[in-house]
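Here is a short tour of one protein chain, written for someone meeting it for the first time. Keep the sequence and the 3D view open while you read.

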Amino acid sequence: MPYLGGEDAVRELRRALANPHVQADPLRYRAAVLRVIRYMAQGADVSALFPEMVKASAAADVVQKKLVSLYVRAQAPRQPQLALLAVNTLRKDCAHPSPAVRGLALRSMCGLRDLGFFTDGALVNELYSLLRDQDPIVVVNCLRALEEILKKEGGVVINKPIAHHLLNRMADLDQWGQSEVLTFLLRYRPRSEEELFDILNLLDDYLKSSSTSVVMAATKLFLVLAREYPDVQTDVLVRVKGPLLSACTSESRELCFTALCHVRQILRSLPGHFSSHYKKFFCSYSEPHYIKCQKMEVLCELVNDENVQQVLEELKGYCTDVSEELAQGAIFAIGNIARTYTEQCVGILTELLGLQQEHITSAVVQAFRDLVWLCPQCTDAVCRALPGCEDSIQDNEGKQALIWLLGTHGEKVPNAPYVLEDFVENVKSETFPGVKMELLTALVRLFLSRPAECQDMLGRLLYYCIEEEMDMAVRDRGLFYYRLLQSGVEEVKRVLCSPKSDPSLGLLEDQTERPVNTWASEFNTLAPVYGRERWALITAHQPAEPSYASPCTASRNRDTESLISEGNKEVLKVHPDSSSLTLIPDVYLPAEQFEKTWLSLDVSCRLSLPWRGTVHPDAVQTALHVVHIQTIAMSKAGAQPWKAYLSAQDDTGCLFLTELVLEAADSEMQVSVKQSEVKPEALQTFISVLRTVMGTVAGLGS
């Protein structure tokens with residue numbers, strides 16, 4: 001027996017692989033290939049057998065092809081010149097009738113590409129041609145492969161021929177493939193209204209799919225394509241009500257939670273959309289806490305005159321749940337409903353105080369504080385319920401809420417000074433600075449309306465805070481009030497006692513509906529799950545979906561011009577290194593130099609940002625300055641069109657020149673960016689920063 005990995009063993013294997021009699025017998029041929037793989041797995045150097053193994057891949061045996069593919073990917077780094085011999089065989093296998101063989105060939109080609117032995121252009125051309133493969137699984141996998149290979153260039157391009165081809169193949173795909181293709185179709189923009197509605201008609205059946213993922217993907221595509229047709233968007237949301245309700249009662253907790261988050265998102269644009277099905281959102285005993293909390297949030301938004309009594313009774317039952325967190329969440333939910341149905345909710349909250357449970361009393365007092373702030377007409381009823389609450393509150397949030405109520409409305413609570421006196425006597429044992437500062441403010445306020453009862457304890461509290469307190473924030477607050485009192489009572493009233501709201505005003509909260517277009521692009525993503533603000537932080541360094549013009553992209557398009565039109569280059573998100581861009585602060589570019597540089601450069605990126613209302617130049621300029629983007633020139637507020645020119649410079653000296661144009665209020669802001677040096681990753685990060693800043697300003701303005 002030849003030595004493992006020795007020259008004799010390699011010669012014996014070569015003779016076996018080259019033997020015509022072995023090649024004529026499929027089992028013996030496979031056994032010889034298997035021996036090579038076994039030696040390779042044991043660490044033997046079998047790279048010298050590369051030509052024979054490549055020849056073995058031409059056999060019809062699928063198992064043998066898999067073994068050879070494993071060998072080629074493992075040995076290609078040792079035989080870089082011979083690795084090219086496998087390309088022709090692999091390309092032939094890409095046209096094989098069996099989808100398994102075609103997939104195996106694609107994986108092998110991608111492996112050679114990663115090692116640098118296969119050009120991206122040839123591979124991309126092969127993948128684009130396979131988009132018209134008869135097997136639907138091959139089509140979807142080619143899309144995913146193109147997305148990965150072209151990631152740095154923005155991903156696979158979907159033009160009209162590809163979009164229509166994918167739409168016609170939708171019926172052949174499984175549920176996973178359909179949801180994938182629907183996601184890719186988001187990149188295509190129909191050229192005419194007739195084409196748009198033809199596409200929507202083709203997608204209509206997928207709104208009734210048994211797969212939730214397909215329904216959600218189809219819904220998002222409808223919402224995005226019909227952005228200029230609000231009635232169509234509303235009709236789609238009505239039609240998917242059934243699938244969403246089914247998902248909300250799914251046994252899968254993850255699916256249920258995600259569906260509830262999307263229901264809340266829809267309710268921001270269509271209040272009461274699910275009101276007739278409010279019982280679907282009643283909590284089940286076996287459901288986890290996070291799903292129960294989401295359902296309570298939804299119930300708060302579904303309350304109307306017809307179901308308010310049933311919803312309040314359901315929430316009241318949750319208030320005595322064994323989970324303290326859930327019980328407090330139910331109390332806060334009742335407090336939210338109280339902003340509209342004050343009398344009924346205040347009665348329930350007052351009744352809960354009779355249970356004398358610490359966590360329940362604390363939550364009720366916090367709900368009272370928020371309710372009095374937003375609905376001043378219920379102040380008298382809240383003040384009548386406060387006496388006796390102090391005995392059951394031990395947590396810091398509850399203490400602060402009670403102290404605020406006694407300080408702000410203490411003239412309506414008979415025992416308010418005596419309750420605050422108990423807090424003053426125990427101030428030395430209080431560990432939370434927030435309670436001490438709240439106590440200072442409340443006692444000074446109450447002193448203005450009931451001076452005789454508060455003067456002595458206020459003096460003792462000020463002395464302790466100034467002379468003995470170790471926390472500097474509490475000490476400074478005490479000194480502030482001491483000096484304020486020295487300036488006179490009228491000055492104290494002017495500072496602390498701002499005008500109170502008129503009880504006849506009712507609810508002070510803004511309940512304007514949000515258009516569907518403000519969140520359509522976030523539908524069927526993680527944004528509704530995390531929340532818009534948190535998701536913006538998570539994706540702060542991910543670029544938007546602009547079109548990038550670079551030499552690499554241009555050459556790729558020329559290679560695939562039969563499939564991709566030059567007028568439709570859209571890309572997906574990529575993930576640049578967060579450290580790829582560092583903007584230098586306080587680098588100002590003169591207006592003349594900006595104009596000269598702007599005219600000499602080509603546009604590197606164009607994109608559109610949604611915008612509501614008019615632009616506030618001061619807010620935009622301040623927000624941009626925070627991230628070291630300087631303003632060269634900017635139109636006044638209300639100008640149409642509104643324009644702005646910006647500049648920024650990174651630590652390598654690369655300039656980023658930007659033009660913002662808003663033709664009219666409540667439209668899309670057009671953004672054009674020019675770059676002094678070709679740095680795709682830095683450009684992507686800059687676009688991400690700019691999009692985040694402008695999105696934040698737009699959110700504040702709306």
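A residue is called buried when its relative accessible area is under 20%, exposed when it is over 50%, and partly exposed in between (1.4 Å probe, protein chains only). Helices (H or I, at least four residues) and strands (E, at least two) are DSSP runs, numbered from the N terminus. This is a predicted model, where local features need pLDDT of at least 70 and side-chain atom pairs count only at pLDDT 80 or more, while totals for chains, interfaces and linings use all residues. Residues are numbered from 1 along each chain as its sequence is written, and side-chain values use heavy atoms, with hydrogens and water left out.

Let's begin with α33. Pro 617, Val 620 and Leu 624 are buried in this helix. They sit on the same side of α33 because they cover an arc of only 65 degrees around the axis, the arc being that of the directions from the helix axis to the C-beta atoms. Turn to the other side of α33 and you find Asp 618, Thr 622 and Val 626, which are exposed.

After α33 comes His 628, with a positive phi near 70 degrees. His 628 belongs to the loop between α33 (617-626) and β3, and at 28% relative accessibility it is partly exposed.

Most residues other than glycine have a negative phi, and most peptide bonds are trans. Gln 356 is not a glycine, yet its phi is positive, about 55 degrees. You can find Gln 356 in the loop between α20 (342-353) and α21 (358-374), where it is exposed, with a relative accessible area of 60%. For a cis peptide bond, look at the step from Gln 640 to Pro 641, where omega is near -5 degrees. Pro 641 lies in the loop that connects β3 (630-634) with β4 (642-649).

**A covered strand**

How many of the residues of β5 are buried? The count is 8 of 8, so to speak a mostly covered strand by the definition of buried. In a regular strand the side chains alternate between the two faces of the sheet. From β5, Leu 655, Leu 657, Glu 659 and Val 661 point one way, and Phe 656, Thr 658, Leu 660 and Leu 662 point the other way.

Two strands count as paired if DSSP finds at least two bridges between them. β4 and β5 are antiparallel partners over 8 bridges, with Leu 646 opposite Thr 658 in β5. Their hairpin has 5 residues between the strands, and Gly 653 there takes a positive phi near 95 degrees. β5 is also joined to β6 (residues 668-675) by 6 bridges, again antiparallel, and here Val 661 stands opposite Gln 670 in β6.

Leaving out residues up to four places away in sequence, Thr 658 touches several others, including Phe 594, Trp 598, Tyr 645, Val 671 and Phe 686. Contact here means heavy atoms within 4.5 Å.

**Charged pairs**

Side chains of opposite charge can pair when their charged atoms come close. A salt bridge is a side-chain nitrogen of Lys or Arg within 4 Å of a carboxyl oxygen of Asp or Glu. By this rule there are 25 salt bridges, and the table lists some of them.

| Pair | N to O distance |
|---|---|
| Arg 264 and Glu 301 | 3.6 Å |
| Asp 380 and Lys 412 | 3.1 Å |
| Glu 469 and Lys 436 | 2.9 Å |

Glu 469 and Lys 436 are both buried.

**A nonpolar spot on the surface**

Which residues form a nonpolar patch on the surface? They are Leu 526, Tyr 530 and Ile 538, with about 270 Å² of accessible area together. Tyr 530 is found in helix α29 (residues 527-530) and is partly exposed, with a relative accessible area of 38%. Patches are made of residues with over 30% relative accessible area and no salt bridge, with like charges joined within 9 Å and nonpolar side chains (Val, Leu, Ile, Met, Phe, Trp, Tyr) within 5 Å. Accessible areas come from the Shrake-Rupley method with a 1.4 Å probe, and for residues only the protein chains shown count as cover.
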